[in-house]
Amino acid sequence: RSERPSLVLLDLELPGLSGEAIANRLRAMYGPSLPIVVVSASIDAAAVAKRIGALACLIKPFELDDLLGAVHRALRCRRPG
């Protein structure tokens, strides 16, 4: 098992593998408390973010301040583990 990421910024529209599948793999590797922030232009981004337990969902295009705020909140809210 490699070093655990502090936070994952995850786009849902990726070639070859869905963002949801990647989130599931990351959760299997690092546990359910891994903080994930979804950044996507996908129409169903909010629903997918909720399904995978993301702490935030930003719809592209978004403001840098919104991203920084979401990252700050996700890192502050994360649980050990």
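The following legends describe views of one predicted model.

**View 1. Secondary structure elements of the chain.** The chain holds three helices and three strands, where helices (H or I, at least four residues) and strands (E, at least two) are DSSP runs numbered from the N terminus. Read from the N terminus, the order of the elements is β-α-β-α-β-α.

**View 2. Overall dimensions and contacts.** The radius of gyration, taken over C-alpha atoms, is 12 Å, which agrees with the value near 12 Å for a compact globule of 81 residues; the globule rule is 2.2 Å times the number of residues to the power 0.38. Along the principal axes, the C-alpha atoms occupy a box of roughly 35 × 30 × 20 Å. Of the contacts (heavy atoms within 4.5 Å) between residues at least 6 apart in sequence, 57% link residues at least 24 apart.

View 3. Serine 42 lies in the loop between strand E2 (36-40) and helix H2 (45-52). Serine 42 counts as buried because its relative accessibility is 9%; buried means under 20% relative accessible area, with a 1.4 Å probe and protein chains only. In the chain, 38% of the 81 residues are buried. The side chains of serine 42 and glutamate 13 form a polar contact at 3.3 Å. A polar contact is a pair of N or O atoms within 3.5 Å; within protein, one must be able to donate a hydrogen and the other to accept it, and residues adjacent in sequence count only if both atoms are side-chain atoms.

**Notes.** Residues are numbered from 1 along each chain as its sequence is written, and side-chain values use heavy atoms, leaving out hydrogens and water. In this predicted model, local features need pLDDT of at least 70 and side-chain atom pairs count only at pLDDT 80 or more, whereas totals for chains, interfaces and linings use all residues.

Key: Buried < 20%, exposed > 50% of the residue type's maximum accessible area, 1.4 Å probe, protein only.
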